[in-house]
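Thanks for making time this morning. I would like to walk you through one model, moving from the overall fold to a handful of individual residues.

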Amino acid sequence: MRKATSLYIKACISTMGVLVMANDIFEISMLLDFYGQLLTASQYKCMDLHYNNDMSLAEIAEELSISRQGVHDFINRGKATLVDLESKLGMVAKFRDMKKQLEQLQDDLHLMDLDPNDKGNQFLLERIDQSLFNIITKL
């Protein structure tokens, strides 16, 4: 029984590690989309191949004719730059906030009845109007 529990815990930790890695890959890809052009050409190329094209460090090193350590260094410096840019500019956070607000607006529109005199509709329309105003003023 103890061995089975230990294996289950290891499997859960392993699965969680994959989930964390997947979130990390998605996060880096988002940062690359927003700030990638601010990296050096070498940093961007290595990070794009690694995160967006799912190439290993060895494959990238072979393709670019540099060492695996060089690829590793470009990726680490690139990640540090991307995280620093996001902490200063916050464009990805603003994008996510705006996306969340737009999804809420879409949900509110789906809740509306077709009767224009319905009090519930008037409340939803006022809420939608306020949300749109908030989004527009942030742009």
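What you see is a predicted model, in which local features need pLDDT of at least 70 and side-chain atom pairs count only at pLDDT 80 or more, while totals for chains, interfaces and linings use all residues. Residues are numbered from 1 along each chain as its sequence is written, and side-chain values use heavy atoms, with hydrogens and water left out.

Let me start with the fold. The chain has 6 helices and 0 strands, and its pattern along the sequence reads α-α-α-α-α-α; here helices (H or I, at least four residues) and strands (E, at least two) are DSSP runs, numbered from the N terminus. Of the 139 residues, 25% count as buried, where buried means under 20% relative accessible area, exposed means over 50%, and partly exposed lies in between, with a 1.4 Å probe and protein chains only. The accessible surface comes to about 10100 Å², and 60% of that belongs to carbon and sulfur atoms; these areas come from the Shrake-Rupley method with a 1.4 Å probe, and for residues only the protein chains shown count as cover. If we take contacts between residues at least 6 apart in sequence, 51% of them join residues at least 24 apart, a contact being heavy atoms within 4.5 Å.

With the same exclusion of residues up to four places away, Tyr51 touches Asp24, Ile25, Ile28, Ser29, Leu32, Ile75 and Lys79. Tyr51 and Ile25 are 26 residues apart in sequence, yet their C-alpha atoms are 6.1 Å apart in space. The side chain of Tyr51 also makes a polar contact with the side chain of Lys79, at 3.4 Å; a polar contact is a pair of N or O atoms within 3.5 Å, where within protein one must be able to donate a hydrogen and the other to accept it, and residues adjacent in sequence count only if both atoms are side-chain atoms.

Turning to charged pairs, the count comes to 2 salt bridges, each being a side-chain nitrogen of Lys or Arg within 4 Å of a carboxyl oxygen of Asp or Glu. One joins Arg96 to Glu27, with the closest N and O atoms 2.8 Å apart. This pair links distant parts of the chain, since Arg96 is in helix α5 and Glu27 in helix α1, 69 residues apart. Arg96 is partly exposed at 33% relative accessibility, and Glu27 is partly exposed at 28%. The other salt bridge joins the side chains of Asp84 and Lys88, at 3.1 Å from N to O; both residues lie in helix α4, 4 residues apart, or about one turn of the helix. Asp84 counts as partly exposed at 36% relative accessibility, whereas Lys88 counts as exposed at 63%.

Finally, the backbone in two loops. Most residues other than glycine have a negative phi. Asp54, in the loop between α2 and α3, has a positive phi near 55°, and is exposed, with a relative accessible area of 67%. Ser65, in the loop between α3 and α4, likewise has a positive phi, of about 60°, and is exposed at 66%.
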